[in-house]
Structures are given as C-alpha cells and as structure tokens.
Amino acid sequence: MTSLTREEKTAVARQFTEALPHCKALGMQAYEIADGKAVISMDYDSRFIGDPQTGVIHGGAVSALMDTCAGAAVMSHEKAPNITATIDLRIDYMRPATPGQRITARATCYHVTRSVAFVRAVATDEDESRPVATATGTFTADHGLDALTAEGGK
Amino acid sequence: MKQPPEPVQVVKERRDGALAALTESIPYAAFLGINFDRRGDELTAILPFSQMLIGNPYLPALHGGCTAAFLEVSAIVELGWTYLWDEIESGRIDASVLSPTTLPPLPKTIDITVDYLRAGLPRDGYARARIIRSGRRYASVRVEAWQDNRDRPYAQATGHFLMPKRDS
C-alpha cells in the first residue's frame, strides 16, 4: 500500500468528517484539517439545547463536536493511520456557551505512538478569549486497521 | 389510625408524570431519541438506533459523540430524578403541575470522562447511572451503557456535576 500525500490525507479527513451521518445531523463544518490539527464548528440550533430555561446548548452536543474534531486531528497527523476510534475523552466545561452563537472546536494531536494518539482540544463560542470547554483524549492509532480498510474499501 | 395505601394508579401517574416532565425538558435528549424505562425508582435510559447516530459508516459503528451525550443525559436525568423523587413522594412538590418550565433547575456538568470499551453497534443502547456521591453542591455519577449483553458494556463514564442552589 502506498501512503497518501499530505494534501490527500487532509482531503480524506475533511470529506470523511463532513460525510459522517452524526456530524451531518449536527451540521458540523470542517475547516483546517492538516498536520495533526483540526478546526470544526457547529451552528447554534434550538434542537441541541440542554436546558430550555437558559437556551444553553447541551454538553453532549459539545462532546460530539470535540470528539469529531479530536478524531479529525488524529487522522491528519503524519504518523497516524486514516482511521481511528476514541479510547477515552474527558471534557471540562468552563462556562455555558452563549445561546445563539456558533461553537468552534480546535484540536491538536500532539503525540502519536505505534498504537495510541494523544489529543487536546478547546471549544469557544464567538468570544474566543474565554473557552467554553476543554478536552483531552486518547485515540487508537492502529496501522494494521488502516491497511485493512484500504483493502476493504476497494 | 393507619392511612389506607394509595391506589397503584395514582402512584404510577404521579411518578410517570414527573419523569415525563423531567425528560421532556431536555430538547437534545429528544433530538437523539433518548427515552427512559422506569421500574420503581430505577431508571434505564434507552437510545433507539437511528441512522443519524452513525459515526463510522464502514464498520458501521455509532459516533462516539452520541455515546458521550447518551451517558451525560443519563447522568443528569438520574440526578434530577433522585431529587424529584423525594420531592413528589413527600408531597413537597405537586407532580400534577410539573412541566418542563416549572421543573426545579437541572444540575450542570463540570466534567465528564467517557471510556469507549468497544464499538457501538447499529442497534439500541441502554444505560444506567449510579450516583456515587451527592452533596449539597457537587455530585459524582458513574454511568454504564450496553447493547445486547448487560455484561459487555460498550461505554462507561464518570462525571462531576454542579447541583443547583436549593431554597431550603
């Protein structure tokens, strides 16, 4: 199997991310996905509210955004395979996201071993100086699986 | 003299009504299709499979994000329900007038850690939350989710929650 170029990897990661049914349902839009970094955002939607008394988006929707963004960062890392799965993800909520504003997650895959990728992510609303949430996660980096899906996809 | 026991229908109506008010107060839970099964005070959260929950179309497998949300909703509803149970059973809150707008405020998530134990399959998921510690201000909750086999969980989570300020 020939390995993909950097541009191809980025395109694959972006296309892959936006086509995932759950990401589509949440209206996620992928921006930069390259070199172990990803930026993905999600518009405010009343269906994603967690508490109608405040109109604040549910933490679970923020989790989905963080998980997707972290996974995309892993897939775009030069040492990581094109397919990954979350091992664990911890999310800390700093403050409620302001109702009506879009949420943007920025993830960095800062280390990859032969089997594990390590990621950090931050989510903000339109006030980018005060984070809404931060996340740390570990993802699978199974190179054997990569070859399997490449074969299976043909 | 001893009071006669309440008719079972009255008891069920009160409890199911309070639970419905609580779960219907979370739009995102409805968006994902989460509902709850009640046996006495024990709740089981159910996430019926739907195509929009898929995160890996090749396997196929559920998106980790919907699993995280499922566990978080289960934990918050368990905390809200435990508080509500005492209030409606003691009569401090009249369950018949409870609605999503008159409900006591919900706890807020401080942090949640989700472990993905195996791929979520394209079928229904179930989850049960257990309150490990609930103080006046903070609570710690553990949640486990499974699909076909109760002994083979596909995800678990531990979360900390900020409890709403109560009047008393």
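Predicted model: local features only at pLDDT ≥ 70, side-chain atom pairs only at ≥ 80, totals over all residues.

Residues are numbered from 1 along each chain as its sequence is written, chains are lettered from A and ligands numbered from 1 in the order in which they are written, and side-chain values use heavy atoms, leaving out hydrogens and water.

Over all chains there are six aromatic pairs (ring centres of Phe, Tyr or the six-membered ring of Trp within 6.5 Å; planes under 30 degrees apart are stacked, over 60 edge-to-face, the rest tilted). Two tilted ones are listed here:

| Pair | Centre to centre | Angle between planes |
|---|---|---|
| Tyr110(A) and Phe118(A) | 6.5 Å | 45° |
| Tyr126(B) and Trp146(B) | 5.8 Å | 40° |

In chain B, Tyr126(B) belongs to strand S6 (residues 125–134) and Trp146(B) to strand S7 (residues 138–146), so their pair links parts 20 residues apart in sequence. Strands here are DSSP runs of E with at least two residues, numbered from the N terminus.

Trp146(B) is buried at 8% relative accessibility, while Tyr126(B) is partly exposed at 26%. Buried means under 20% relative accessible area, exposed over 50%, and partly exposed in between, using a 1.4 Å probe and protein chains only. Tyr110(A), at 40%, is partly exposed, and Phe118(A), at 27%, is partly exposed too.

Which charged end sits over the ring of Tyr110(A)? That of Arg120(A), 3.9 Å from the ring centre. Arg150(B) places its charged end over the ring of Trp146(B), 3.9 Å from the centre. Such a charge has NZ of Lys or CZ of Arg within 6 Å of the ring centre and within 35 degrees of the ring normal.

Notes
Helix = DSSP H or I, 4+ residues; strand = E, 2+ residues; numbered from the N terminus.
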